[in-house]
Amino acid sequence: MDLYRDTSVNVIENNTNFNNAWASGINAAQFNEIDLDLDGTMDLVVFDKSGNKLIPYLNKNGKFVFAPKYKSYFPELHDWVIFEDYNCDGKKDIYTYTSGGLGIYKNTSSSVLNFSLVTDLVLSDYGGPNPINIFISAVDIPAVSDVDYDGDLDILTFKITGGFIEFHRNMAMEQTGNCDTVIFQLEESCWGNFYEGLNNYTLNCQNCQCPPIINHPNAKQKHAGSTLLLIDIDNDYDKDIVLGDISFSNLNLLINGGDSTNANMIYVDSVFPANNSNTMPASMDIFPAAYYVDATNDGIKDLIVTSNSENNSENFTSCWLFNNSGTNTNADFNFNQNNFLQNDMIDLGSGCYPTFFDYNNDGLQDLVVGNYGYHQSGGNPSSSLALFKNIGSIDTPSFDLIDRDWQNISSINLNINLNIPALNLSPTFGDLDGDQDMDMLIGDANGKLHLFNNTGSNPPNFFLAEAEYKGLDVGYFAFPQLVDVNRDGLLDIIIGEQSGTINYCENTGTVSSPIFDTIIEYFGGIDIESNIISSGFSTPKLYDNNGLYELYVGSFSGETYVFDNIDNNLTGIFDSLTILNLNEGGKSMITMSDINNDQKTDLIVGNYSGGLSYFSSDSLVVSNSTNYSSKELNIYPNPTSRYLSINNTISGDLVILNSLGDIVLHHNKSTEKETLDLNELSAGIYLVKLKNYTAKFIVK
């Protein structure tokens, strides 16, 4: 299956368009500037540590436009990235985390963006017989800047034991006279003459000697991460430092009272940037990080404050923009917004678990999306379902995000043990009580399922019929799908889980009284990414591709794995087909349908950053058998809620019969492809006949 990203499908909320709707969400963003299209104008790239994904934006007439095609031009990156010009050729290169240190990729672009590896581990002369790698934690963000103003880029990073900052001086200019060489030496072991404790500082630590910091006896243990940003904020030709700590919500500005050769921090502003100007302080739950880029396209760098924690931190309003009304070296920051870029995309907090569901029976596929939750300071996230109503047409989908807490699930205490709402809601729909309407089954973080019955109204209203449905429990993080696995006319359940395996629960009851008394583990022999991680986070979707099942499974890494050899092999080992080239971020889930009436499968992909991506494909919904004739009846979608398309070369009198054999619709077919409106038909099984050809379909 070849996939084609489509960012043109319109999405609105409160009558306002998301201009970059399908940009895939942001949790823990890192901001960098680079010229993506080589037009001489700096563009913007967001690297989201949550899922290790890149979100490129082109700068088009002062506006940032999501440009996903540039993702493929970058090497594989993880944990942190910094774009700076290491070789002074005017093109931004890449500094990024490698095991216990950092690597450098050189920007070798000519006609298109391109990078080549310079070194996968930068070494420094520590004074011993041989250089060793500069240690940088995956949790930290170092500073890459011309600290001594000699024309090449130096590196600041915390010592492996913490507390003091090491200054690794770039010796390229001194030794070669140009920048295009990677030569470092440890210049200072306590740059700035200060020591960082638990969000507090001891200044004037000459020769790395400081009086000990005495913390409160109940204080947390020493922090395990810090973020660094170097800027000359007071225009005195030396670098000041903006520092964030993993355990706290504020940023600290340390003012350099020394010079470019001998840094000496003399003052700590713990409510930065409030005390530097008239604005509010940064406050990011937790682990703030600061970035200095031109976000307003006025030629002056602005301050963006985000979280460097991919878990348990702000995830919906996590990109704070402070406009700079001063200059690059004499900044004056003023708070602008707390959701820079996020306000222009689908962003549902953390976790994004989509499924198609025609909730109002108008024949158009709507979208219901569960999430892990929106961050709540000091408590558990608020998990909910979002409803995207399809307000387009059968050929042109368009979505309206009409409810971020559909059916008010976030306020229902599904966690029976603690009597609190459940986390990580993953929905699926199917008729479990035989009343011809679609019920809802929701998986949660505790591995439980919860049944909500449909009252039959239009649009539907669901009520909790059974929390912890049938006592089913897969351990942690249940991702269910209701589907007739064994094709016996009864809805079964397959359930993904945190471990990466898939569970199969066969329905041994009836249409109106299902029985799920057995869980078959390791369905198909699948254990997603078990060779990489013990938590594969399998999110299965069993999809009928013209009479044959294929299984699509999202994962912790964000890869989507495809399996076949499923029909008549439910107790065997499925065949691994391929890995879809999606790369949309970690803990992915897909949903599939033909939503634009082109007879091809469309996919919507969710990821842990709370966003969605939309893809069309070349996979035909019609039969792909070698003996297929254009005269056969090709009908889709099947099942359908309202519209039925018929595509073949036959013309003439077409009839639809109900299960009793009564003709319920006449139609004179005169063109190759026609679409019928079945709004007057009740739910049930029908037969379409055209001359000597027949086909069965279901109206939901």
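**View 1. The disulfide of C88 and C179 is left-handed, because the torsion about its S-S bond is about -75°.** C88 lies in the loop between β8 and β9 and C179 in the loop between α1 and β17, so the bond ties together parts that are 91 residues apart in sequence. The two sulfur atoms are 2.0 Å apart; a disulfide here is a pair of cysteine sulfur atoms within 2.5 Å. Helices (H or I, at least four residues) and strands (E, at least two) are DSSP runs, numbered from the N terminus. C179 is buried at 6% relative accessible area, whereas C88 is partly exposed at 41%. Buried means under 20% relative accessible area, exposed over 50%, and partly exposed in between (1.4 Å probe, protein chains only). C88 also has a positive phi, near 60°, and is a residue other than glycine.

The model is predicted: local features need pLDDT of at least 70, side-chain atom pairs count only at pLDDT 80 or more, and totals for chains, interfaces and linings use all residues. Residues are numbered from 1 along each chain as its sequence is written, and side-chain values use heavy atoms, with hydrogens and water left out.

**View 2. A disulfide joins C190 to C208, with an S to S distance of 2.1 Å.** The torsion about this S-S bond is -90°, and the link is left-handed. C190 is in the loop between β17 and β18 (194-196), and C208 is in the loop between β19 (201-203) and β20 (226-231); the pair links distant parts of the chain, 18 residues apart. C190 is buried, at 6% relative accessibility, and C208 is partly exposed, at 25%.

**View 3. C205 and C210 form a disulfide with a right-handed link.** Their sulfur atoms are 1.6 Å apart, and the torsion about the S-S bond is 130°. C205 is buried, with a relative accessible area of 0%; C210 is partly exposed, with 25%. A search of the whole structure finds three disulfides. With bonded cysteines counted along the chain, the pattern is 1-2, 3-5, 4-6.

**View 4. The sulfur of C319 is too far for a bond with the closest cysteine sulfur, that of C352.** The distance between these sulfur atoms is 16 Å. From the side of C352, the closest cysteine sulfur is in C319. C319 is buried, with a relative accessible area of 0%, and C352 is buried, also with 0%.

**View 5. D180 and K106 meet through their side chains in a salt bridge of 3.4 Å, N to O.** D180 is in the loop between α1 (172-176) and β17 (184-188), while K106 is in strand β10 (residues 101-107); this pair links distant parts of the chain, 74 residues apart. A salt bridge is a side-chain nitrogen of Lys or Arg within 4 Å of a carboxyl oxygen of Asp or Glu. Side chains of opposite charge can pair when their charged atoms come close. D180 is partly exposed at 37% relative accessibility, and K106 is partly exposed at 24%. The structure holds 14 salt bridges. Elsewhere, D148, R169, E174 and E187 are linked in a network of salt bridges.

**View 6. The side chains of D544 and R487 form a salt bridge of 3.0 Å, N to O.** D544 is in strand β39 (residues 539-545), and R487 is in the loop between β36 (479-483) and β37 (492-496); the pair links distant parts of the chain, 57 residues apart. D544 is partly exposed, with a relative accessible area of 35%, and R487 is partly exposed, with 37%.

**View 7. R642 forms a salt bridge with D677, and the closest N and O atoms are 2.9 Å apart.** R642 lies in the loop between β46 and β47 and D677 in strand β50 (residues 673-677), so the pair ties together parts that are 35 residues apart in sequence. D677 is partly exposed, at 38% relative accessibility. P639 is placed in the loop between β46 (635-636) and β47 (643-647), and the peptide bond from N638 to P639 is cis, with omega near 5°.

**View 8. The peptide bond from N458 to P459 is cis, with omega near 0°.** P459 lies in the loop between β34 (449-454) and β35 (462-466).

**View 9. L38 has a positive phi of about 60° although it is not a glycine.** L38 is in the loop between β4 (29-34) and β5 (43-48). At 30% relative accessibility, L38 is partly exposed.
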